[in-house]
Amino acid sequence: MIKPVWGALSDSVYLFGYKRKSYLVIMALICWITMLSFGVTVPPWIAGFFILFVMNISLSFMNCIAEAVLVETAQDVSRQENISEQEKIKAASKGVSTFFGAKYTGRVLGAICLILFLDESRRRQYLLGASFIPLVVFVISFLLPEVRKRSDTKRLVNRPGIELQDIDR
């Protein structure tokens, strides 16, 4: 229900000149900090609820960004003219399979590890260790191939009945 809002926000509001990369960096950092806080301390239940809420918002946003990148990649492949239609479908299917395979493998491994760390002290060790997964996403997000939008660039606008003209943004 909230994912369309995240998608619209990241598509329309550029942070630091990037459409998706900056959001992924920020949300991965927030997710890392919130997971780390559960591994380091046992917060009171109200603070714990708030931290868990913020962590889930960041996870949802990162998932939305990953899905958007997946769609964008599939669209880029479908625009290529030198590839057969079957190759385009194959490339898109591979991306979707990789995304969902990684997503559900992570969920299963996380559930197995959580079962192994059922007592309180080991559960905190698990959360402390698991907090480094968003840190890895944070580092990898810098490698996301995205062209930075510069605010000082000019764009060409074609208005009906008017020649193409330069407009400052």
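1. Read along the sequence, the chain runs α-α-α-α-α-α-β-β, which amounts to six helices and two strands. Helices (H or I, at least four residues) and strands (E, at least two) are DSSP runs numbered from the N terminus.

2. This is a predicted model, in which local features need pLDDT of at least 70 and side-chain atom pairs count only at pLDDT 80 or more, while totals for chains, interfaces and linings use all residues. Residues are numbered from 1 along each chain as its sequence is written, and side-chain values use heavy atoms, with hydrogens and water left out.

3. The structure holds one aromatic pair. Y23 and F61 are stacked, at 5.3 Å centre to centre with 15° between the planes. Rings of Phe, Tyr and Trp (its six-membered ring) pair if their centres lie within 6.5 Å; planes under 30 degrees apart count as stacked, over 60 as edge-to-face and the rest as tilted.

4. Y23 belongs to helix 2 (residues 21-40) and F61 to helix 3 (residues 45-79), so the pair ties together parts that are 38 residues apart in sequence. Y23 is buried, at 6% relative accessible area, and F61 is buried, at 1%. Buried means under 20% relative accessible area, exposed over 50% and partly exposed in between (1.4 Å probe, protein chains only).

5. Of the chain's 169 residues, 26% count as buried. The chain exposes about 11,900 Å², of which carbon and sulfur atoms supply 68%; accessible areas come from the Shrake-Rupley method with a 1.4 Å probe, and for residues only the protein chains shown count as cover.

6. Among contacts (heavy atoms within 4.5 Å) between residues at least 6 apart in sequence, 63% join residues at least 24 apart.
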